[in-house]
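Q: I have a structure to go through with you. Have a look, then I'll ask a few things.

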Amino acid sequence: MSRLASGVVLVTAREASLDADDPQAPVGEDVGMTATAFLSVSLDPPLVMVSVREGSRMDDLLAEQPLWAVSVLAESQRHIAGRFAMKGRISDRLLFADIPYVRGGASGAPLVGGALANLECRTEQRIPAGDHTLIIGRVLTATTPSADGGPLAYFRGRYRQLG
């Protein structure tokens with residue numbers, strides 16, 4: 001499968017507050033994950049799918065948090081893809097520190113500035129598939145904040161540019 005070129009996206013979600021009944025409780029942390037297994041499923045209704053490793057932090061979070069977002073990364077955003085693909089990290093807080101983003105109005109999740117497209121989604125279905133979970137989400141909002149540059153691609157184990 002390393003010979004199949006893929007687009008690269010950043011999937012983000014916001015953890016719920018540690019105590020939803022207490023307005024003084026710490027707000028939950030933003031979580032992000034680089035994904036290359038992302039695709040459009042349907043135009044009507046608008047559905048997308050992302051594959052996440054079973055038992056990963058993102059899989060666990062999306063099992064509880066139905067709202068999430070996707071930023072389609074531009075070729076100039078290779079550093080973002082690499083940062084969120086790191087294994088064994090303890091916290092994502094520092095990973096977001098110097099990345100320009102806005103918080104999505106529908107999901108509350110970070111939407112990366114300069115991305116080719118940003119989507120906010122609500123989980124419609126979770127499908128166990130081997131060592132991964134396929135998460136199908138209904139697109140709630142879609143924007144194209146940047147028309148500059150081409151897409152970031154992944155091919156033969158490396159990030160690539162088209163052309």
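Q: Which side chain does arginine 14 meet in a salt bridge?
A: The side chain of aspartate 30, at 2.8 Å, N to O. A salt bridge here is a side-chain nitrogen of Lys or Arg within 4 Å of a carboxyl oxygen of Asp or Glu. Before going on: this is a predicted model, where local features need pLDDT of at least 70 and side-chain atom pairs count only at pLDDT 80 or more, while totals for chains, interfaces and linings use all residues. Residues are numbered from 1 along each chain as its sequence is written, and side-chain values use heavy atoms, leaving out hydrogens and water.

Q: Is aspartate 30 buried or exposed?
A: Aspartate 30 is buried, with a relative accessible area of 7%. Arginine 14 is buried too, at 19%. Buried means under 20% relative accessible area, exposed over 50%, and partly exposed in between, with a 1.4 Å probe and protein chains only.

Q: How many salt bridges are there in the whole structure?
A: The search finds 9. One of them joins arginine 57 and aspartate 92, with the closest N and O atoms 3.9 Å apart. Arginine 57 lies in helix H1 and aspartate 92 in the loop between helix H2 (78-84) and helix H3 (93-96), so this pair ties together parts 35 residues apart in sequence. Arginine 57 is partly exposed at 33% relative accessible area, whereas aspartate 92 is buried at 2%.

Q: Which residues are in the network with Arg57 and Asp92?
A: Glu15 and Glu29; salt bridges that share partners join them with Arg57 and Asp92 into one network.

Q: On to the sheet. What is the strand order?
A: S3-S2-S6-S9-S10-S5-S4, an open sheet of 7 strands with antiparallel pairing. Two strands pair if DSSP finds at least two bridges between them.

Q: Which strands stand at the edges?
A: S3 (30-35) and S4 (38-43); each has a single partner strand, so one side of each is left without a neighbour in the sheet. Strand S2 (residues 9-14) and S3 pair over 6 bridges. In S3, valine 31 is the bridge partner of alanine 13.

Q: What packs on the sheet?
A: Helix H1 (residues 57-64) does, and its direction makes about 50° with that of S2. Axes are lines fitted to C-alpha atoms, for helices over the stretch in contact, and angles run from 0 to 180 degrees between N-to-C directions.

Q: Which residues of H1 are buried?
A: Met58, Asp59, Leu61 and Leu62. Seen down the axis of H1, they fall within an arc of 165°, so they line one face of the helix. The arc is that of the directions from the helix axis to the C-beta atoms.

Q: And the largest nonpolar core: which residues touch the most other members?
A: Val11, Met33, Val50, Met58 and Trp68, out of 18 residues. Such a core is a set of buried Ala, Val, Leu, Ile, Met, Phe, Trp, Tyr and Cys residues joined through side-chain atoms within 4.5 Å. A second, separate core of 13 residues includes Val8, Phe96, Ile99 and Tyr159.

Conventions: Helix = DSSP H or I, 4+ residues; strand = E, 2+ residues; numbered from the N terminus. Contact = heavy atoms within 4.5 Å.
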